[in-house]
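Hi everyone, thanks for making time today. I'd like to walk you through one protein model, so please take a look at it with me.

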Amino acid sequence: MTTSVYKTIIFLISITLFSCRKSETKLETATIEIKLNGVNNTIEKLGTTKITKQERFSNYVSAENFDILTIISADEPNNEKINYSKRFAAVSKLPPNIKYRVLIYKVQGETELFVNKLDLISNVSTGETVTIDIVRGITYKWYTYSYNNTADLPNISENDLNNPIVPMGENKDFLYDQGEFTLTESGHHVINITFERKTSQIELDFDARGIFTDEIEDLNIELPATLLKTANFNLKENNISGALTNTSTITLTNENFYNIEESFTDRKGAALHTVATGTISNPTFTLKSLKIKLDDGLSRTYPETAISFSQNSQLAVGARAKAKVYLIESALTYAGVQWARANLYRKESGRNPYRFYHNNKQTNDPISYFSFRGHIPRKFASSEPSEQKDPCALIFPAYRWMQPSASNIGISQSKLSHEGGALTNILSTITDGVISDPTQGAISPNASLYIEYTPNPVSSDIYPITSRTLRFYFNGLHADIAVLEGLDNNGLVTLQLGNYGRAATFWTNEQGTNLLGLVQIGAWGYLGMRKTSILSFNPPSIVGTFAKGMSTANILNIGLLGSLNVIRSPLLNVRCVRNPDWTTLINNPSYNPVANYQ
């Protein structure tokens with residue numbers, strides 16, 4: 001529990017006390033102090049019966065521009081390292097300038113007569129003095145409420161003060177407390193206010209880390225009129241008065257969102273409030289617009305998209321649910337495999353380091369070349385299997401992506417015996433050899449810098465043309481792995497690219513077993529290139545230009561490097577594919593969307 005010092009708000013209410021005896025009437029005064037403790041957050045979790053923190057209900061939808069994972073959970077996942085103590089302490093103080101109202105009544109038998117109304121502001125002392133005439137021993141009752149915001153409270157007419165029924169507002173955090181006191185002598189009396197929530201709270205957690213941004217620049221969400229409910233509240237009866245009604249359509253804009261994690265703007269939250277209705281069936285809202293900052297400093301704006309939660313949620317009074325929305329970059333499907341739109345890179349510092357380039361293009365960026373089973377660019381992987389990591393699995397959310405298997409890039413057991421060869425042999429075919437049999441579906445236009453599949457662009461205006469097709473750029477590779485002198489003081493390989501502009505390469509996750517008579521164990525990967533097919537040499541007869549994607553144990557001789565306990569291998573790009581088992585993983589109570597990068 002967080003210990004907080006609450007500022008006491010003191011109002012001097014002069015209470016006139018009459019002592020009635022046979023021969024005298026004695027006038028006395030009393031001071032009333034109002035102490036605002038805050039809001040009680042010790043509440044029921046999601047549901048009319050309590051459920052554990054780990055229980056969650058998920059829904060995954062593939063949209064045109066991104067995939068959407070929605071999760072409704074009872075409380076914060078205890079795996080994420082987020083400090084929610086300030087917001088969800090047992091009793092949290094109100095922020096400054098929150099307006100609230102206190103109504104005071106005198107009890108006469110079964111009747112409560114209005115005495116005074118105080119419109120107050122949290123953390124502000126007005127010094128207001130009110131004189132109340134009472135007879136010693138009379139009981140007073142007080143009622144207080146707030147919308148937990150800085151706006152003025154709606155006025156209560158004089159005719160309604162004796163039976164105060166007030167609106168709970170649309171999407172308002174309606175707070176309430178009540179109590180009573182009896183003055184038997186002059187002196188000092190304290191009214192302690194600890195508000196209770198009378199609505200249910202849905203905290204929206206909108207997470208854009210899966211589309212690789214550091215900044216949500218603009219966010220606009222529309223809530224349908226049927227999602228949230230409102231009603232009137234009877235202050236004296238402490239219950240809802242009359243029927244519940246739908247709110248009007250509510251639009252949340254930038255000013256309604258806060259940063260869930262301090263100093264980070266890639267994850268936004270908003271608190272939604274509804275009068276408890278029992279069951280909320282498959283809540284849905286509309287993402288009207290989303291604008292994010294890209295890794296090249298430009299911006300990308302996504303169009304309107306419906307977002308739904310396929311779960312009937314039970315919300316009791318005061319219950320709090322967490323509605324999480326993860327946006328994940330959509331994939332390109334070729335031959336039944338879902339591929340990333342661009343290569344993987346790793347930011348050298350900061351949050352969410354593993355990302356895809358927003359614009360797929362030719363690049364010799366050193367942070368995009370990885371060793372076999374290595375997760376740090378330009379660094380050889382450990383020879384200990386337990387210390388090896390799949391860099392694709394480290395992308396947020398964890399394990400949604402993985403390195404392709406040999407079968408993903410078309411390697412079958414029938415090909416193992418006749419395709420490929422040692423790395424040096426394959427590289428020689430790039431520079432000197434002739435390829436006459438193009439890989440099915442692969443193209444590489446003349447003067448282009450890539451090999452491409454699915455040539456017809458995917459229908460989306462969000463991504464550049466280079467990211468709408470399965471395109472592998474000729475980024476070359478670092479092939480010289482024989483010398484220790486190539487390592488700098490941090491154990492990173494000094495990049496020396498060969499065949500830049502002539503070859504596209506990336507890893508699979510599979511290691512060979514002494515294939516093709518190689519002494520050293522191989523590893524599977526992809527080599528794409530463009531070659532001219534020659535029908536005859538004398539005289540020369542050029543047939544045309546073809547693209548060839550080679551997926552064999554070819555390229556990749558690997559082995560242990562001296563006494564460093566690392567695997568020496570070439571440095572290639574990494575292109576990820578979707579993990580088909582991920583939807584099972586996310587329903588595991590121990591699943592953490594933030595990977596262990598160490």
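Predicted model: local features only at pLDDT ≥ 70, side-chain atom pairs only at ≥ 80, totals over all residues.

Residues are numbered from 1 along each chain as its sequence is written, and side-chain values use heavy atoms, with hydrogens and water left out.

Now back to those strands. Strand β17, residues 229-234, is joined to β18 by five bridges, and the two run antiparallel. They belong to an open sheet of three strands, in the order β12-β17-β18, with antiparallel pairing. Pairing here requires that DSSP finds at least two bridges between two strands. The edges of this sheet are β12 and β18 (239-246), each of which pairs on one side only. On average, neighbouring strands of the sheet are turned by 20° against each other, direction ignored; the axes are lines fitted to C-alpha atoms, for helices over the stretch in contact, and angles run from 0 to 180 degrees between N-to-C directions.

Let's step back to the whole protein. It has three helices and 43 strands. Of its 598 residues, 50% are buried, where buried means under 20% relative accessible area, exposed means over 50%, and partly exposed is in between (1.4 Å probe, protein chains only). The protein exposes about 26,700 Å², and carbon and sulfur atoms supply 48% of that; the areas come from the Shrake-Rupley method with a 1.4 Å probe, and for residues only the protein chains shown count as cover. If you take contacts between residues at least 6 apart in sequence, 72% of them join residues at least 24 apart, a contact being heavy atoms within 4.5 Å.

On to the cysteines. How many disulfides are there? The count is one, taking a disulfide as a pair of cysteine sulfur atoms within 2.5 Å. The partners are cysteine 392 and cysteine 576, with their sulfur atoms 2.0 Å apart. They link distant parts of the chain, 184 residues apart: cysteine 392 sits in the loop between β32 (381-382) and β33 (401-402), and cysteine 576 in the loop between β42 (566-568) and β43 (577-578). The torsion about the S-S bond is about -85°, so this disulfide is left-handed. Cysteine 392 counts as buried because its relative accessibility is 0%, and cysteine 576 is buried with a relative accessible area of 0%.

Finally, the charged pairs. There are 21 salt bridges, meaning a side-chain nitrogen of Lys or Arg within 4 Å of a carboxyl oxygen of Asp or Glu. One of them brings together aspartate 152 and lysine 99, at 2.3 Å from N to O. Aspartate 152 lies in the loop between β11 (139-146) and β12 (165-167), and lysine 99 in strand β8 (residues 99-108), so the pair ties together parts 53 residues apart in sequence. Aspartate 152 is exposed at 60% relative accessible area, whereas lysine 99 is partly exposed at 21%.

What about lysine 322 and glutamate 203, buried or exposed? Both are buried, and their side chains meet in a salt bridge of 3.2 Å, N to O. Lysine 322 is in strand β27 (residues 320-329) and glutamate 203 in strand β15 (residues 200-210), so this pair ties together parts 119 residues apart in sequence. Alanine 321 is also placed in β27, and its C-alpha atom is 6.3 Å from that of glutamate 203.

Aspartate 207 and arginine 209 form a salt bridge too, with the closest N and O atoms 2.6 Å apart. Both of these residues are buried. To finish, a network of salt bridges links Glu203, Asp205, Asp207, Arg209, Glu261, Asp266, Arg267, Lys322, Lys324 and Arg351.

Technical notes: Helix = DSSP H or I, 4+ residues; strand = E, 2+ residues; numbered from the N terminus.
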